[in-house]
Amino acid sequence: MASKDGISSVLSDPRTQAFISALKRRQIKGSWHVARETIEILRLAIGKKTRLATLGELITFVKQVGCALVEVQPLEFAIGNIVRRVLFIIRDEHRQATRGDEKKEGMYSFMLGPSTGEQHLEEPLANNGRDLKEAIFSSLKELLELLENVHSIIADSAFEFIHSNEVIMTFGGSKTVETFLKTAGSKRRFDVVVAEGLPSTKGQALALALSQAKIDTTLVPDSAIFAMMARINKVVVGTHAVMANGGLIAPAGTHLVAMAAKHHSVPFVVCTPMYKMCPLFANDQETYNDMTSPSTVLPFEEVDSLDKVRVQNPAFDYIPAELVSLYITDDGGHNPSYIYRLLSRYYNPADYSLE
Amino acid sequence: MAAAVAAVGALTEVIRVSRAQTMMQLEKELKSASEVLKDYSDALSVASGCDLFTRFVLRASGDYPNFDECKKKLIAKGQEYVKISETSRNKIGSLAAAFIRDGMTVLIHGYSRVVMAVLARAVNDGKRFSVYVTEARPKVDDTTTGSASAAKLQEMGVPVTLVLDSAVAYIMDHIDLVFVGAEGIVENGGIINKVGTYQVSIIAKACGKPFYVAAESFKFMRLYPLNQKDIGKMTKDSKRSTDDMWSQKREIASEEEHNKIKMESPSQDYTPPRYINLLFTELGVLTPAAVSDELIKLHY
């Protein structure tokens, strides 16, 4: 089949290969890089499609490439999210080009199930799809530009949330939070308490970066989170992913910060770019989790004397939506109960499942 | 076939045989037909299904100004809906079964066809789990109680335990998640369901266990209850449900004595949205907040 060939040529491309092997070895640092590479690969993939007969063909093709990438590292949610967003762009560009009617879909979707615009999928594309591709490329370019600035867009709202003389706690190290706090620090004076977030050393790196930016920073061990919480005005953390019910998949330990914040009625604010919003549901710690190498908890050199010890090193915590006060995204601030609505603005329900 | 779907089928038939010449006439005919259907069945979903379809007809009339064309469209959509609805329980099953994992213990309340479809789907997917099912008294008829669920699950080869409604708090410790059906889904994302659902949800919340609802979208209704009294008008206090209490009372009092004892046996209760984690419908997985969104799509 022609479409299958298309996929293997995408997957064997050196850039894709490099991305896949980095994913396998967990060498990619952070969702942002994952998101950017995914856009680049999809752009390349769409570019390789020289003849496009129908919209359906293109969507299936992008879904297949997306699926292949997701399978490599299913817990890198940004891959799937970007694929869904690109699919949304494709559908949107096509609709704009054909001035497709959107009239009163709501009522009909209610009676007859969600409309996916399937009726357009089989229509032949004008000019072998070249016009559509051009439109998609320019949208993807915009998406990449947005991605380049995403941290600073989120940080733009920092002044609304961080006030003078406040004490802010954060956990581990997140690029988004770093930019957020630095932006606030450019005009205001406040204290930051950074919990280390062991076994990762990102908290230490963040504390260093903040203090270099002349922000009063205190590094505390994770065991001091509860004790410190009484003095904190706001908790600001990053996350790995945001689930469709408003819950979080965040680095292990974030849950205890959220619980401590709840106990002391401290607002728990999450800074997240939109590409971390997943149309997937988690309900407990096991739905999406990853048991990572124990070597960061217990170094291999010490294992000889401790060979009967079982070491577990989960990568993530699931934090239920009730513990989150606010999400600050590149699309503004939102309540956890509003996430479902954001999802429908960024993804088409037909793409929630990529299979 | 669910009663509500049959009702939509019946209303479609009303449109087909109708001799109405204008939208107004047709609407009137549909309204009186709906009244007949609602009188005939006290299932909430028949009322909500009829209301939804009537609303649909009104909306469509705006889109198709030509009456004959509109009528044709409505009949086609009505028939299509009846056809699609057969698959909606399967669709809900596949969405919800993903939440059941190996080794889990699921609590269900009484008998619900949709919940049974979810569990059947999970069994088909090769999941190994066990189920606790509440009696869900009063027994209004044989098909709505927990024993009916227990028998069916036994047949499916699922380890099942029947418990008293009063034992829900006792067993909640072992439970991983709760699944209930619904007779009606109200505007704020809460549900109206077999009495006892509310207390199960409160206990689940108190113990930090997820509480899920599985129901088809024709159960969406435009009602905004604030407390249990607000659904009083909708739910008929069934004589049969007091009969179930009656038999027990006989043991403690003479005929004359127990006539003096007042009995109350509501058949349904209202579960507010704050106790519900997610609703599984054929429109997708919804948070309670998303329910009003779907209703807004429908009415505005």
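Into which domains is chain A divided?

## Domain layout

This is a predicted model. Chain A splits into domain 1, residues 7-148, and domain 2, residues 152-346. Taken over C-alpha atoms, the centres of domain 1 and domain 2 of chain A lie 30 Å apart. Contact between them draws on 15 residues of domain 1 of chain A and 21 residues of domain 2 of chain A.

## Buried area

About 1400 Å² is buried between domain 1 and domain 2 of chain A. Carbon and sulfur atoms give 63% of that area. On the domain 1 side, three residues stand out: Leu75(A), Phe77(A) and Arg85(A). Together they supply 41% of the area that domain 1 of chain A buries against domain 2 of chain A.

How many salt bridges does the rule find across the interface of domain 1 and domain 2 of chain A? The rule finds one. A salt bridge joins the side chains of Arg26(A) and Asp290(A), at 2.6 Å from N to O. Polar contacts between domain 1 and domain 2 of chain A come to five residue pairs, with both residues at pLDDT 80 or more.

## The domain 1 face

Three helices of chain A each supply at least two residues of the side of domain 1 that touches domain 2: H3 (31-48), H5 (77-98) and H7 (130-155). H5(A) gives the largest share, seven residues.

By class, this side of domain 1 of chain A has nine nonpolar residues.

Technical notes
Residues numbered from 1 in each chain as written. Chains lettered and ligands numbered in written order. Predicted model: local features only at pLDDT ≥ 70, side-chain atom pairs only at ≥ 80, totals over all residues. Heavy atoms only, no water. Domains from an automatic or database assignment. Contact = heavy atoms within 4.5 Å. Buried area = accessible area lost by both parts, 1.4 Å probe. Salt bridge = Lys/Arg side-chain N within 4 Å of Asp/Glu carboxyl O. Polar contact = N/O pair within 3.5 Å; in protein donor to acceptor, adjacent residues only side chain to side chain. Helix = DSSP H or I, 4+ residues; strand = E, 2+ residues; numbered from the N terminus. Nonpolar A, V, L, I, M, F, W, Y, C, P; charged D, E, K, R; others polar.
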